[in-house]
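I set out to record what I looked up in this structure, entry by entry. The model and its sequence come before the notes.

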Amino acid sequence: MRENISIIGRGIGQVMFQNNALSGIIMLIGIICNSWQLAILAVAGTVVGTIAASLLNYDKEDIRAGLYGFNGTLVGIAIGVFMEINIISVALLVIGAAISSWVAHCFRRQSLLPGFTAPFILVVWLLLITCHYLYPAILLPSLSENPDNASHFFQSFSLNIGQVMFQGNILSGLFFLLAILINSRINAFYTVIAAALPLLIGLFPNIDLTAWNIGLFGYNGVLCAIALGDYTHKGNVKVILSVILSILLQIGGMQIGITTLTAPFVISVWMINLLWRIKQA
């Protein structure tokens, strides 16, 4: 039982690259601070993704490290964010989390592109498209935030971290940061840098301050920074470039009405790594 709980904890922690069960549990506490329902869905998605990987006889060490759980974590939360909770959406959670493990396995069988959260993105896009045509009634209406013309820097900083898992709560973001710090000081350092950089665009004219205040411009950059940051000058440059690119992709995606999820993060890291390979060739 203890080992199973640790696997679930590491699965949640791996959403933010933390192979640490305690980090995952603290992140779960952060989700509970915002919504206990989303916390239950996060655990459910993690469990389903992990069980699916076990049934498919994927590498046991990868399963123990939570590498087949974290995409399921995000799928589970996304179900609660975008859909009413009923028998259909719960079934879609199980199907989606299981498929995310298979997609993650496909990425792990090749070395050209790391999967990161791409399985989650592809699965949720597929589920949203399916529901749009077959079960539109279970899709929740888009929440329209009240326009806010004031800049809330601390809130924006914290939610730049919290929105990695759809959490629009200041405490959630702080718990996520604590969870990262417990496992890795360098990851925590880059998390702070990446959450702070988007604050600068709040000073620009004509920026959507409502989206800026709730962390929608920064969460992809946080993942970019953790994925690429290290102790080298090269790592610093890659982090800054990827964070900037992720912000631009997020703004562009939002303007054309795409549900971006963490696609700006994945695309940014893929592009920066590809450009670096070309530069060194």
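The entries below cover helices, record annotations, ring pairs, cysteines and one glycine.

**Basis.** I worked from a predicted model, in which local features need pLDDT of at least 70 and side-chain atom pairs count only at pLDDT 80 or more, while totals for chains, interfaces and linings use all residues. Residues are numbered from 1 along each chain as its sequence is written, and side-chain values use heavy atoms, with hydrogens and water left out.

**Helix 1.** I took helices as DSSP runs of H or I with at least four residues and strands as runs of E with at least two, numbered from the N terminus. Helix 1 has twelve residues, and I found 16 Å between its first and last C-alpha, close to the expected 16 Å; the expectation is 1.5 Å times one less than the number of residues. I next looked up burial, where buried means under 20% relative accessible area, exposed over 50% and partly exposed in between, with a 1.4 Å probe and protein chains only. The buried residues of helix 1 are S6, I7, G9, R10, G11, I12 and G13. Their cover includes helix 2, helix 3 (36-55), helix 4 (60-64) and helix 5 (70-82).

**Record annotations.** Under "transmembrane region", an unreviewed UniProt entry lists several stretches, among them 88-107 and 160-181. UniProt positions are in the numbering used here, feature names are shortened, and annotations may be inferred rather than shown by experiment. I checked both stretches against the model. Residues 88-107 are 100% helix and 0% strand, with the end C-alpha atoms 28 Å apart. Residues 160-181 are 68% helix and 0% strand, and there the end C-alpha atoms are 16 Å apart.

**G173.** Where does G173 lie? I placed G173 in helix 9 (residues 170-183). G173 counts as buried because its relative accessibility is 0%. Beyond its neighbours within four places in sequence, G173 is in contact (heavy atoms within 4.5 Å) with S158, I161 and G162. I also noted L159, which is 14 residues from G173 in sequence and 5.6 Å from G173 in space, C-alpha to C-alpha.

**Aromatic pairs.** I counted nine aromatic pairs in the structure. Rings of Phe, Tyr and Trp (its six-membered ring) pair if their centres lie within 6.5 Å; planes under 30 degrees apart are stacked, over 60 edge-to-face, and the rest tilted. F17 and F116 form an edge-to-face pair, 5.9 Å centre to centre with 75 degrees between the planes. This pair links distant parts of the chain, 99 residues apart: F17 is in the loop between helix 1 (2-13) and helix 2 (21-34), and F116 is in the loop between helix 6 (87-108) and helix 7 (118-134). F17 is partly exposed at 27%, whereas F116 is buried at 18%. F107 and W270 form a tilted pair, 6.3 Å centre to centre and 35 degrees between the planes. That pair also links distant parts, F107 in helix 6 and W270 in helix 14 (residues 263-280), 163 residues apart. F107 is buried at 17%, and W270 is partly exposed at 22%. Ring pairs also join F17, F116 and F265 into a cluster.

**Cysteines.** How many disulfides does the whole structure hold? My search, for cysteine sulfur atoms within 2.5 Å, returned zero. C33 is partly exposed, at 32% relative accessible area, and C224 is buried, at 0%.
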